[in-house]
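Good morning, and thank you for coming.

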Amino acid sequence: MRNRITAEISSLVGKKYGPFKVFIESGAIEKFADAIGDENPSHQGQNAIAPPTFPTTFRPKEPFPDFPENYGDVGLHASQTYEYKRPIVAGDKIDVTMTISNIYQKDGKSGELVFMERDYSFIDSKTNKKIGSAKWVTLRRFNK
Amino acid sequence: MKFQKNQVMPDYTKKAITKVQLVKYAGASGDFNPLHFDEEFAQKRGLKKLIAHGMLSMGFLSEYAESIFGVGKIKKIHVNFKSMVFIGEEITCYGIINSIDFYNNREFASCSIEAKNKEGNIVTSGLVEAWSK
């Protein structure tokens, strides 16, 4: 096993992106639920409640801190977590912040795996109260 | 509905994943990785078929949990992506309530949830905490 976590890679830990603002539109919630095939009427109309995975749509426009493009042979999504104080609803304005919280390596059967954990926080712009959080874990595999 | 420990959640099978669904999900989520809609691109990367977004399978599990506990009742959902989901697959969601717990005097159910394909391979698995009252 080779240590793939160079000084350049470990320096990514603590890197922050945002906050960036997201406006929650009922149409976007409807389209997202429709793509999943979720026909529950609570995801439709002016007072639509967002499905729990809706924050996957919160994508920053500029490049955000990540592994270098050519790092590893394969990039994969390892795990995902969402936690809520309350559901996200149409009309919300949310401040989204992303922080790289951890990078670590595991030795897999197929090669070395380097994991990156990103923590997201979702803050209600109007009240400054926390709506929820997310953890997004991706990995890069170095094939044997 | 009353929820209790060791209660098996009724399973739920989604319609087969279509290319239209993958294109819709790409547009709605903003994940435009061509592996999800460009056959030639997928084949060049050694895949025999288009693969679904991992997050789509998590979307299925979230929908499943909300169908049981209600929309807006999810306190926490965590999943691990175990293996790829291919176009045309029918995904079945199932789960079991492990315990009934309390947070700030409010009752919630802690459940194990999984999504499997027709061959019985688990594609996505995880945990959900849902307000039960």
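**The two chains and their contact**

Chain B contains three helices and five strands; here helices (H or I, at least four residues) and strands (E, at least two) are DSSP runs, numbered from the N terminus. Along the sequence of chain B, these elements follow the pattern β-α-α-α-β-β-β-β.

Before going further, let me state the conventions. Residues are numbered from 1 along each chain as its sequence is written, while chains are lettered from A and ligands numbered from 1 in the order in which they are written. This is a predicted model, in which local features need pLDDT of at least 70, side-chain atom pairs count only at pLDDT 80 or more, and totals for chains, interfaces and linings use all residues.

The term pLDDT is the predictor's confidence in each residue, from 0 to 100. Chain B averages a pLDDT of 97, and 100% of its residues score at least 70. The model as a whole has an ipTM of 0.97 and a pTM of 0.96.

Chain A, for its part, has two helices and five strands, arranged from the N terminus as α-β-α-β-β-β-β. Along the principal axes, the C-alpha atoms of chain A fill a box of roughly 55 × 30 × 25 Å, and the C-alpha trace of chain B spans about 55 × 30 × 20 Å.

I will call a residue buried if 20 or more other C-beta atoms lie within 10 Å of its own, exposed if 12 or fewer, and partly exposed in between, with C-beta atoms placed from the backbone. By that criterion, 41% of the 133 residues in chain B are buried; for the 144 residues of chain A, the figure is 28%.

How many residues of chain B are in contact with chain A? There are 27, and they meet 26 residues of chain A. Contact here requires that the C-beta atoms of two residues, placed from the backbone, lie within 7 Å. On chain B, helix H1 (19-29), helix H3 (54-69) and strand E2 (74-81) each supply at least two residues of the side that touches chain A. The largest share of that side, nine residues, comes from H3(B).

The two chains also pair through strands, for which DSSP must find at least two bridges between them. Strand E2 (residues 74-84) of chain A and E2(B) pair in the antiparallel sense over five bridges. Within this pairing, A:Tyr82 has B:Ile77 as its bridge partner in E2(B).

Consider next helix H2 (residues 26-36) of chain A, whose buried residues are A:Ile29, A:Phe32, A:Ala33, A:Ala35 and A:Ile36. These residues lie on the same side of H2(A), because they cover an arc of only 160° around the axis; the arc is that of the directions from the helix axis to the C-beta atoms. Among the elements that cover the buried residues of H2(A) are H1 and H3 of chain B. Just after H2(A), A:Gly37 takes a positive phi of about 90°.

Finally, a nonpolar core is a set of buried Ala, Val, Leu, Ile, Met, Phe, Trp, Tyr and Cys residues joined through C-beta atoms within 7 Å. The largest such core has 57 residues, of which B:Phe60, B:Leu61 and B:Ala65 touch the most other members. H3(B) gives this core its largest share, nine residues. Not counting residues up to four places away in sequence, B:Ala65 touches B:Ile74, B:Ile77, B:Ile113, B:Val128 and B:Ala130.
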